[in-house]
Every structure is written in C-alpha cells, then in structure tokens.
Amino acid sequence: MLTLKNKISIFTKILSQEEISYADSFNANIDIAGRNCDYKFLEKLNTEKDIEYWIDKLKSRIVMKEDEALLEDIIDDYILCG
C-alpha cells in the first residue's frame, strides 16, 4: 500500500513529465489544484496506475468541457466529486 507521501510523489512526477499533447498543457493547473486541496483526493487511489488513470480522466474531462466552464471549476468538481 502506498503512503500519501508516495502518492504525492507519483502524482507530481506524472504531472512534471514533458508535455506531448494538448491535454498535457493542463498539468500545472492540476498540480496547483492538488496542492490547494492538500492532495486529499489521493487517499481514494491505491496504485500508481490508479493515479495515472485519475489524471488522464481529469485531462479528458477538461478537454471535453473547456468551452462550457472555467478550468478551475472543472478541476475542482472532479477533485470533489470524481
């Protein structure tokens, strides 16, 4: 089982990777939102694969809804509600 410290390290490592796609351009915003929420959402995630999937799903949601809502609102909603 990963500790919260390990999960935060994995989360930040994934978000600090080189930007390859348009969705990756939101990495910094996601990282900031994670810090602002004290990474509490990571408690629900158990593996590195879970964290990576969570980030990918959030990026997809941002890309799909960015014309409809503010970026911060999309991220906050996902962090709070999943």
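Asp38 is placed in the loop between H2 and H3, where helices are DSSP runs of H or I of at least four residues, numbered from the N terminus. The model is a predicted one, in which local features need pLDDT of at least 70 and side-chain atom pairs count only at pLDDT 80 or more, while totals for chains, interfaces and linings use all residues. Residues are numbered from 1 along each chain as its sequence is written, and side-chain values use heavy atoms, with hydrogens and water left out. Just after H2, Asp38 adopts a positive phi of about 55°. Most residues other than glycine have a negative phi. Asp38 is exposed, its relative accessible area being 51%; exposed stands for over 50% relative accessible area, buried for under 20%, and partly exposed for values in between, computed with a 1.4 Å probe on protein chains only. Tyr39 is also found in the loop between H2 and H3. Tyr39 is not a glycine, yet has a positive phi of about 60°. With a relative accessible area of 11%, Tyr39 is buried.

Tyr39 is one of the residues touched by Asp31, together with Phe11, Thr12 and Leu15, when residues up to four places away in sequence are not counted; contact here means heavy atoms within 4.5 Å. Asp31 belongs to helix H2 and is buried, with a relative accessible area of 16%. The buried residues of H2 comprise Asn27, Ile30, Asp31, Ala33 and Gly34. Viewed down the axis of H2, these buried residues fall within an arc of 165°, so they line one face of the helix; the arc is that of the directions from the helix axis to the C-beta atoms. An α-helix has 3.6 residues a turn, so residues three or four places apart point the same way. The cover over the buried residues of H2 includes H1, H3 and H4.

The pairing of H1 with H2 is considered next. The axes of helix H1 (residues 4-15) and helix H2 (residues 27-36) come within 9 Å and cross at roughly 160°. Axes are lines fitted to C-alpha atoms, for helices over the stretch in contact, and angles run from 0 to 180 degrees between N-to-C directions. H1 and H2 are therefore roughly antiparallel to each other, a term for angles over 145 degrees, whereas angles under 35 count as roughly parallel, 65 to 115 as roughly perpendicular and the rest as oblique. The crossing of this pair, H1 and H2, is left-handed; a crossing has this hand if the near helix is turned anticlockwise from the far one by less than a right angle, and is right-handed if clockwise. From H1, Phe11, Thr12, Ile14 and Leu15 meet Asn27, Ile30, Asp31 and Gly34 of H2. By class, the contact of H1 with H2 has four nonpolar, three polar and one charged residues. In this classification Ala, Val, Leu, Ile, Met, Phe, Trp, Tyr, Cys and Pro count as nonpolar, Asp, Glu, Lys and Arg as charged, and the others, Gly among them, as polar.

The axes of H3 and H4 come within 10 Å and cross at roughly 140°. H3 passes H4 in a right-handed crossing. On the H3 side, Trp54, Lys57, Leu58, Arg61, Ile62 and Lys65 make the contact, and on the H4 side Leu71, Ile74, Ile75, Asp77, Tyr78 and Ile79. Sorted by class, the contact of H3 with H4 has eight nonpolar, no polar and four charged residues.

Helix H4 (residues 71-81) has Leu71, Ile74, Ile75, Tyr78 and Ile79 as its buried residues. Seen down the axis of H4, the buried residues fall within an arc of 125°, so they line one face of the helix. H2 and helix H3 (48-65) are included in what covers them. The exposed residues Leu80 and Cys81 are carried on the face of H4 turned away from its buried side. Ile79, in helix H4, counts as buried at 10% relative accessibility. Leaving aside neighbours within four places in sequence, Ile79 is in contact with Ala33, Gly34, Cys37, Phe41 and Trp54. Ile79 and Arg35 lie 44 residues apart in sequence and 11 Å apart in space, C-alpha to C-alpha. Glu72 also lies in helix H4, but is partly exposed, with a relative accessible area of 47%. Glu72 and Lys49 are separated by 23 residues in sequence and by 24 Å in space, C-alpha to C-alpha.

Technical notes:
Helices (H or I, at least four residues) and strands (E, at least two) are DSSP runs, numbered from the N terminus.
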